[in-house]
Amino acid sequence: MLKYLTVPVTPFAQNCSIVWCDRTMEAAVIDPGGDLAKIEAAVQRLGLKLGQIWLTHTHIDHAGGTAELAKRHGLPITGPHPGDQFWIDALEEQSRMFGFPPAEAFTPARWLEDGDTVQVGESVLNVRHTPGHTPGHVVFHSPEAKRAFVGDVLFAGSIGRTDFPGGNHAELISSITERLWPMGNDTVFIPGHGPESTFGQERQSNPFVAGT
């Protein structure tokens, strides 16, 4: 069964997630935006074998620590979708703009497309391409655990911003209603910021998408 731990990182309190297979103890890190010592300490404390980095998108608070973490541990970088290439190219500029430690660009070992899968140990997660917040945003869905790691597409009570370059409000709403809702009302989602919620709860009470 897939297990996970959320580790808030960076001044933006971004929800970096460590996910692992409880049979093999093999692990991946989703969105290592920074504070790498904090992430590494959690991996060590849990007794995990860190083998991969997965990215939902490449804004600085989600991807700022990616290149350094990959170098330190020899990890392949998976994702996001190629639509985020320009955000990867701009990581150094993003770090200056938002006052983050210097961040390096990188080349993913594997880009992701809608319908792909990723695997950690014996746990397989489905990949959905969810543009709107960024053009190349993806989410990771574990049907067995009824969990979805959704980056900045959807939050408890809110939705992702669409005023950054490449953002598109109509696309974001379509991503939520066409890609997330079919995962099921009882699916718990882990957003890029803030508390967890369920898709069913957001369909009822989130003012941006209620009734969709």
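A nonpolar core is a set of buried Ala, Val, Leu, Ile, Met, Phe, Trp, Tyr and Cys residues joined through side-chain atoms within 4.5 Å. Buried means under 20% relative accessible area, exposed over 50%, and partly exposed in between, with a 1.4 Å probe and protein chains only.

The model is predicted, so that local features need pLDDT of at least 70 and side-chain atom pairs count only at pLDDT 80 or more, whereas totals for chains, interfaces and linings use all residues. Residues are numbered from 1 along each chain as its sequence is written, and side-chain values use heavy atoms, with hydrogens and water left out.

**Figure 1. The largest nonpolar core has 26 residues.** Among these residues, Ile18, Ile39, Ile53, Leu91 and Phe106 touch the most other members. Two or more residues come from each of S1, strand S2 (14–21), strand S3 (26–30), helix H1 (36–46), H2 and helix H3 (66–73). Helices (H or I, at least four residues) and strands (E, at least two) are DSSP runs, numbered from the N terminus. H1 provides the largest share of this core, four residues. In soluble globular proteins, nonpolar side chains tend to be buried together.

**Figure 2. Tyr4 and Phe149 form an edge-to-face aromatic pair.** Rings of Phe, Tyr and Trp (its six-membered ring) pair if their centres lie within 6.5 Å; planes under 30 degrees apart count as stacked, over 60 as edge-to-face and the rest as tilted. The whole structure holds seven aromatic pairs. For Tyr4 and Phe149, the distance is 5.4 Å centre to centre, with 90 degrees between the planes. Tyr4 belongs to strand S1 (residues 2–9) and Phe149 to strand S9 (residues 147–151), so that the pair links distant parts of the chain, 145 residues apart. Tyr4 is partly exposed, at a relative accessible area of 22%, while Phe149 is buried at 2%.

**Figure 3. Trp181 and Phe199 also form an edge-to-face pair.** Their ring centres are 5.8 Å apart and their planes stand at 65 degrees. Because Trp181 lies in the loop between helix H6 (169–180) and strand S12 (188–191), and Phe199 in helix H7 (residues 199–205), the pair ties together parts that are 18 residues apart in sequence. Trp181 is buried, with 5% relative accessible area, and Phe199 is buried at 0%.

**Figure 4. Six strands form an open sheet with mixed pairing.** The order of the strands is S6-S7-S8-S9-S12-S13. Two strands pair if DSSP finds at least two bridges between them. Strand S6 (117–120) and strand S13 (197–198) are the edge strands, each pairing on one side only. S9 and S12 run parallel and are joined by four bridges; Gly151 has Pro191 in S12 as its bridge partner.

**Figure 5. The largest pocket has a volume of about 310 Å³.** On a 1 Å grid over the protein atoms alone, a pocket is an open set of points where a 1.4 Å probe fits, with protein on both sides within 12 Å along at least five of seven lines; lining residues have an atom within 4 Å of a point. A volume is the space filled by probe spheres set on the points, which are joined across faces, edges and corners. Of the 17 lining residues, Phe12, His59, Asp61, Phe98 and Phe164 lie nearest the centre of the largest pocket. H5 gives the most to this lining, with three residues. Ring pairs link Phe12, Phe98 and Phe100 into a cluster.
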